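Please open the model in your viewer and keep the selection tool at hand.

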Amino acid sequence: MFTRRITLALALGLAVAAPAARAQAPSGKVTVVTSFSKDVTDPIKKAFEKAVPGVILEVQNRNTNAGVKYIEETRANNQVDLFWASAPDAFEVLKGKKLLAAYKPRATGIPARIGSYPINDPDGFYFGFAASGYGIMWNERYAKANKLPEPKDWQDLAKPAFHDHVSIASPARSGTTHLTVETILQGEGWEKGWRTLKEMAGNFRSITERSFGVPEAVNSGQVGVGIVIDFFAFSAQASGFPVKFVYPTVTTVVPANVGIVANPPNGAAAEAFIEFLLSPAGQEVLLEPGIRRLPVNPAVYAKAGADYPNPFTDPRFQKMIGFDVDKSEARTAVVDTLFDQLISFQLEALKGVTKTLHEVDAALAKKPNAQARALADEARALIAASPVTEAQASSPELRAAFTGGKEKGARQAEVEAQWASFARDSYAKAKAKAEEALKAAK
Amino acid sequence: MTAVPTTPSRARAFSATPGQIALALAIAAFLLVFLVLPVATVIYVAFTEKGTSTFTLVNFHDFVRSELFMRSLWNSFYVSAMSVAFASVLALPLAYLTTRFAFRGAAIVQTLGFLPLIMPPFVGAVAMQLFFGRNGSINLLLDDWLGVKIDFMEGLNGVIFVQSVHYFPFILVNLSAALRNIDRAMEEAAQNLGSSGFRLFRRIVFPLALPGYLAGASLVFVKVFDDLATPLLLNVKDMLAPQAYLRVTSIGIADPMGYVISVVLIIASVLAMWLSALALRGRDYATTQRGGGGLARRVMRPHEAVLGYGVVILILALVLAPHLALLLLSFATIWSFSPLPDAYTLAHYGRVFGESSLYIKNTLIYAMLAGGIDIVLGVAIAYLVLRTRLVGREWLDWMATAALAVPGVVLGIGYLRTFYGITLPDGTPLAALWITIVLALAIRRLPYALRACHAALQQISVSLEEAAENLGATKARTVRRIVVPLMTGGILAGFVTSFATAAVELSATLMLVQSNSDAPLAYGLYVFMQSAAGRGPGAALGVVAVLLVAACTYLSHLIVERSQKAKGSGHRP
């Protein structure tokens with residue numbers, strides 16, 4: 001009870017800056033493990049330490065996966081107060097392992113949902129503080145030199161013009177890309193979603209192993225088009241890079257989160273940090289050019305420029321699909337591994353057959369040929385096929401192969417080998433069909 | 001596995017003393033606690049059956065049956081072997097010209113030739129892409145002028161290119177140290193017998209320097225085999241080390257396969273080292289003559305000089321292009337899809353100026369301590385392996401070498417698992433102290449120093465020590481007064497390699513850094529390189545790191561040169 005009262009006083013103290021509350025204000029060092037870059041953490045650290053004097057924010061920068069592993073490995077003698085990262089999945093993992101402490105933020109003015117996504121964890125273990133959407137980013141100089149049209153939707157990236165110009169991070173490695181893939185699968189449905197993904201993938205230039213690898217390659221002009229989370233593009237624009245960004249029709253906004261680690265060494269200061277992030281002062285920091293994230297407090301947008309995307313008023317965001325977190329959570333490992341086995345590790349074969357199909361299309365545009373068309377469609381169907389149905393993807397049997405759980409069952413390596421040979425066979429058959437089609441079309 | 005053919009009488013003379021046994025046990029204990037144990041806590045799952053935790057080899061069966069893994073294994077072997085070949089082409093002329101001839105600026109060439117090894121993580125990759133990438137400066141210009149593009153950085157060939165440029169200094173450093181150790185009397189004898197030119201090099205100089213060359217070449221092979229950063233930066237995933245890394249660091253994958261691959265990597269690395277030792281078996285590389293202080297330095301004729309400098313400049317231009325790109329990047333405002341940056345600024349250095357002093361201090365402390373630990377261990381292990389008949393002494397060598405193949409993340413997680421539970425009196429975990437970072441760095445870089453020390457000792461004849469002992473010196477005194485001074489070049493080469501690479505190491509550090517005040521440069525770099533606005537400051541910090549290591553390297557080369565001169569002064573004509 002007593003600590004509750006302190007927190008309450010603290011929250012009030014923050015809100016009205018009452019000097020009386022300072023007597024019981026949190027103090028000392030508060031440690032946060034985060035995947036956010038210095039450009040994000042530095043201004044927030046500065047503003048936070050100014051708003052809550054006496055507290056020092058110690059930032060430990062780790063990528064999301066390393067951060068989760070770190071907290072897991074050090075649980076016996078935890079020295080970390082907060083976990084602060086984008087991907088809700090990472091928080092789900094921590095929550096599932098009982099590595100997060102429940103808390104109820106006192107900040108007001110934050111709605112329950114952004115788009116159709118709940119801002120806070122319904123169980124109260126982590127809290128959204130900034131929203132992000134997924135979309136397509138491209139380098140204007142590169143696009144001009146290579147005569148690329150402006151992409152508007154995922155399907156555009158499957159067009160011949162984009163062959164060998166698109167980059168994405170591996171969903172198994174990047175929490176944000178995983179959400180993009182899952183958004184497409186949920187928005188278009190399992191079968192059609194995989195078809196879209198593989199048709200896009202046939203044009204991939206590269207599949208990077210970290211999220212920032214994609215915007216980095218687009219910024220420097222090594223790759224023309226990247227599938228990224230919006231703030232990568234916004235902050236690149238703010239730094240002056242010649243890049244543009246668009247939200248496709250099938251996308252979603254998802255909050256970036258913060259949560260208190262179980263048994264925090266400095267719980268009071270950890271709570272103070274969360275309250276600060278969610279307060280208007282903390283939300284306004286997000287508008288800085290180097291950060292450029294979408295605040296979750298609608299009132300803060302009044303301080304943003306007119307061209308700043310506002311998910312609470314912009315009709316594009318209202319149309320965005322609802323994202324089913326539980327569904328995503330249930331099949332995370334299966335979706336990521338499917339992506340790797342069907343796409344990442346078979347990229348050469350997939351690109352090869354896609355290129356032939358692009359040539360068939362070009363030939364058919366000049367001289368229609370029903371037989372070639374039919375063969376090309378057969379090839380496309382072969383490529384699109386998935387070795388796993390939607391129901392199987394979230395089935396307990398398949399999940400067990402990836403959890404390393406206590407029960408005996410199929411090993412992950414066995415499942416992977418099956419999928420890999422499925423992909424190899426289908427792409428080889430598709431290649432034969434596509435070549436046949438090309439011969440017929442010419 | 002030693003290459004010193006010891007006659008039976010010598011073997012008896014060099015049986016182990018109690019002091020040697022104690023030393024061997026101490027080193028074994030150190031390696032067990034800081035390498036074997038932490039790694040074992042992580043990779044034991046490779047040998048357990050899913051669900052039951054009983055011992056099994058079924059996971060290795062899965063590995064062999066997987067087309068992807070076998071393709072990766074073959075690719076890794078191919079890339080490593082080709083990289084050794086290309087790295088040798090780059091290193092041989094530099095090492096030969098700077099040690100064999102009176103070459104103006106030899107120390108500078110040696111320093112510059114060493115720089116490629118210090119490619120700061122992330123930012124180095126970006127700089128290299130900006131120069132050699134598909135839309136890098138060179139290809140944009142080629143496309144403009146000739147309408148062609150060259151795939152420097154595509155696929156396996158790209159990996160071979162980047163790895164050779166990156167790791168050839170291993171050969172350069174070790175080969176140069178070995179060449180310096182060859183007495184000129186050997187050469188003079190050959191010359192008197194009518195040998196000269198390339199034949200002299202092929203028949204006398206190179207064979208005598210073979211331990212140094214093989215030390216470097218085996219390091220290149222194993223390092224390329226185990227390196228994950230370069231393939232991943234080039235988006236090549238079907239190699240073994242990236243496969244292990246991708247699995248070990250993915251959320252929710254508690255699968256043993258990543259650890260199975262780690263075990264395969266470790267076995268392959270030890271095997272490669274064992275093979276390189278086998279190649280030297282049965283031959284004696286030791287020379288008793290030390291007075292000459294290295295090869296006779298020939299003065300080049302004018303046309304030779306032109307050719308020599310031309311080759312050196314050409315090679316340096318190629319291998320230093322990434323650093324030039326890094327320098328440009330650190331001054332660039334925006335550099336995107338253009339041969340050169342749009343404009344230049346000093347602002348990035350201003351931004352890193354404040355914090356870099358802390359990073360520099362930490363980096364210097366960590367890397368120097370790690371390098372120091374490495375040469376002490378390296379000399380000790382090399383001595384035990386080459387000069388004693390202790391049972392199982394090769395295991396020390398193999399154990400230390402295996403560190404090369406342990407992915408940094410695995411070691412990092414292992415350290416957290418092993419040492420986080422141990423707390424100091426005030427409750428801070430042992431793993432939270434910065435000394436843990438030093439130990440991790442020392443373990444990871446130990447193979448470099450060890451190979452250099454091993455090669456250096458191989459070139460010293462046992463009879464020098466026997467002479468000292470016959471004159472009444474104790475074993476310890478012999479080591480201190482005879483062995484270590486004669487090994488100086490090799491030891492310094494080992495220190496510099498360990499120090500320089502430890503200064504830019506990231507993967508284990510990233511797991512172990514507990515607070516910004518303990519962070520080394522590489523960590524600061526990583527933090528910057530996660531955002532568009534951080535690219536310039538990150539590059540500036542990278543330049544600082546390179547300059548720092550270069551200054552230290554140059555200094556140590558001056559020391560080597562001076563000691564060579566001091567040794568050789570009495571014999572100069």
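Begin with helix α16 of chain B, residues 393–402, where the buried residues are Arg393(B), Leu396(B), Asp397(B), Ala400(B), Thr401(B) and Ala402(B). A residue is called buried if 20 or more other C-beta atoms lie within 10 Å of its own, exposed if 12 or fewer, and partly exposed in between, with C-beta atoms placed from the backbone. Helices are DSSP runs of H or I with at least four residues, strands are runs of E with at least two, and both are numbered from the N terminus. The model is a predicted one, in which local features need pLDDT of at least 70 and side-chain atom pairs count only at pLDDT 80 or more, while totals for chains, interfaces and linings use all residues. Residues are numbered from 1 along each chain as its sequence is written, and chains are lettered from A and ligands numbered from 1 in the order in which they are written.

Contact here requires C-beta atoms, placed from the backbone, within 7 Å of each other.

Keep α2(B) and α15(B) selected. Their axes are 11 Å apart and meet at an angle of about 125 degrees. Axes are lines fitted to C-alpha atoms, for helices over the stretch in contact, and angles run from 0 to 180 degrees between N-to-C directions. The two helices, α2(B) and α15(B), are therefore oblique to each other; angles under 35 degrees count as roughly parallel, over 145 as roughly antiparallel, 65 to 115 as roughly perpendicular and the rest as oblique. On the α2(B) side the contact uses Gln20(B), Leu23(B), Ala24(B) and Ile27(B), and on the α15(B) side Leu377(B), Ala380(B), Ile381(B) and Leu384(B). By class, seven of these residues are nonpolar, one is polar and none is charged. Ala, Val, Leu, Ile, Met, Phe, Trp, Tyr, Cys and Pro count as nonpolar, Asp, Glu, Lys and Arg as charged, and the others, Gly among them, as polar.

Next, select α10(B), residues 197–226, together with α13(B). How far apart are the axes of α10(B) and α13(B)? They lie 10 Å apart, at an angle of about 165 degrees, which makes α10(B) roughly antiparallel to α13(B). Among the residues in contact are Leu210(B) and Phe221(B) of α10(B), and Leu265(B) and Met273(B) of α13(B). The contact of α10(B) with α13(B) comprises twelve nonpolar, three polar and one charged residue.

Now display both chains. Their contact takes 54 residues from chain B and 62 residues from chain A. On the chain B side, the helices that each supply at least two residues include α4 (67–100) and α17 (408–419). This side of chain B has 25 nonpolar, 20 polar and nine charged residues.

Finally, turn to chain A. In its loop between α4 (88–96) and β4 (100–101) is Lys98(A), which has a positive phi of about 60 degrees although it is not a glycine. Lys98(A) counts as exposed, with 10 C-beta neighbours inside 10 Å. Asp164(A), likewise not a glycine, has a positive phi of about 70 degrees. Select the loop between α5 (140–145) and β8 (166–169) of chain A to find Asp164(A). With 16 other C-beta atoms within 10 Å, Asp164(A) is partly exposed.

Conventions. Contact = placed C-beta atoms within 7 Å.
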